[in-house]
Amino acid sequence: MKVRSQAFSEGAEIPRRYTCDGENTSPPIEWAAPPAETRSFALLCNDPDAPMGTWHHWAVYDIPPRLNALPEGAGRENGAADFKQGTNDFGHVGYGGPCPPHRHGTHHYRFRLLALSIEHLQFHKQPSCKDIEHEARKHTLAEATLVGVYQR
């Protein structure tokens with residue numbers, strides 16, 4: 001399975017428009033070659049370089065297997081009905097772009113696509129990004145990662 005973005009390539013700088021210094025909109029993400037038995041996808045974005053530990057920027061889940069991309073801006077709080085989103089570490093539902101502390105060096109933002117063996121993840125309340133990752137890991141068939149960098 002492969003994941004990529006037309007906005008930036010593997011290891012390249014994430015354009016400002018997708019960060020807190022720009023429009024803070026989610027970048028377009030696309031994927032190919034998932035396992036045949038995939039029933040849904042989850043997309044996670046986090047920053048393992050955050051000063052207080054991994055910072056969760058975005059979690060999308062219950063993405064139907066008929067989709068092979070999320071368009072730019074899909075991470076708006078009340079985005080498309082084709083999928084659900086978790087509460088990020090900024091405290092809101094949807095995408096929160098890269099926003100590392102000033103002069104903290106280069107941060108690596110991991111966009112991880114998980115192919116899942118079930119159609120829907122089950123939660124009793126609005127899940128956090130951590131909740132989504134924890135539950136999705138139980139049903140992961142394959143994983144692909146795209147890393148972009150950003151610093152301020």
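The legends below describe close-up views of one predicted model.

Residues are numbered from 1 along each chain as its sequence is written, and side-chain values use heavy atoms, with hydrogens and water left out. Because the model is predicted, local features need pLDDT of at least 70 and side-chain atom pairs count only at pLDDT 80 or more, while totals for chains, interfaces and linings use all residues.

**View 1**
Strands (E, at least two residues) and helices (H or I, at least four) are DSSP runs, numbered from the N terminus. Two strands pair if DSSP finds at least two bridges between them. Strand 2 (residues 29-32) is joined to strand 5 by two bridges in the antiparallel sense. In this pairing, Glu30 stands opposite Ala69 of strand 5. Strands of a sheet pair through backbone hydrogen bonds, either parallel or antiparallel.

Another open sheet is formed by five strands in the order 6-4-3-7-8, and its pairing is antiparallel. Strand 6 and strand 8 stand at the edges, each with a single partner strand, so one side of each is left without a neighbour in the sheet. Strand 3 and strand 7 run antiparallel and are joined by seven bridges. Leu44 stands opposite Arg112 in strand 7. Helix 1 packs on the sheet and touches strand 3, strand 4, strand 6, strand 7 and strand 8; contact means heavy atoms within 4.5 Å. The direction of helix 1 makes about 50° with that of strand 4. Axes are lines fitted to C-alpha atoms, for helices over the stretch in contact, and angles run from 0 to 180 degrees between N-to-C directions.

**View 1. The buried residues of helix 1.**
Helix 1 spans residues 129-137, and its residues Cys129, Ile132, Glu133, Glu135 and Ala136 are buried. Buried means under 20% relative accessible area, exposed over 50%, and partly exposed in between (1.4 Å probe, protein chains only). These buried residues pack against strand 3 (40-47), strand 4 (55-63), strand 6 (84-85), strand 7 (107-116) and strand 8 (140-150). An α-helix has 3.6 residues a turn, so residues three or four places apart point the same way.

The largest nonpolar core has 25 residues, of which Trp31, Leu43, Trp58, Ile63, Leu70 and Phe111 touch the most other members. At least two residues of this core come from each of strand 2, strand 3, strand 4, strand 7 and strand 8. A second, separate core has ten residues, including Tyr61, Leu121, Ile132 and Ala136. A nonpolar core is a set of buried Ala, Val, Leu, Ile, Met, Phe, Trp, Tyr and Cys residues joined through side-chain atoms within 4.5 Å.

**View 2. The surroundings of Ser26.**
Ser26 is found in the loop between strand 1 and strand 2. Ser26 is buried, with a relative accessible area of 1%. Its side chain reaches the backbone nitrogen of Gly75 at 2.8 Å. A polar atom of the Ser26 side chain also lies 3.1 Å from the backbone nitrogen of Ala74. Not counting residues up to four places away in sequence, Ser26 touches several residues, among them Tyr18, Trp58, Pro71 and Tyr95.

**View 3. The cysteines.**
A search of the whole structure finds one disulfide, that is, a pair of cysteine sulfur atoms within 2.5 Å. The disulfide joins Cys20 to Cys99, with S to S 2.2 Å. Cys20 lies in the loop between strand 1 and strand 2 and Cys99 in the loop between strand 6 and strand 7, so the pair ties together parts that are 79 residues apart in sequence. The torsion about the S-S bond is about 80°, so the disulfide is right-handed. Cys20 is partly exposed at 28% relative accessible area, and Cys99 is partly exposed at 29%. For Cys45, the closest cysteine sulfur is that of Cys129, at 8.7 Å, too far for a bond. Cys45 is buried, with a relative accessible area of 2%, and Cys129 is buried at 2% relative accessibility.

Terms used:
Polar contact = N/O pair within 3.5 Å; in protein donor to acceptor, adjacent residues only side chain to side chain.
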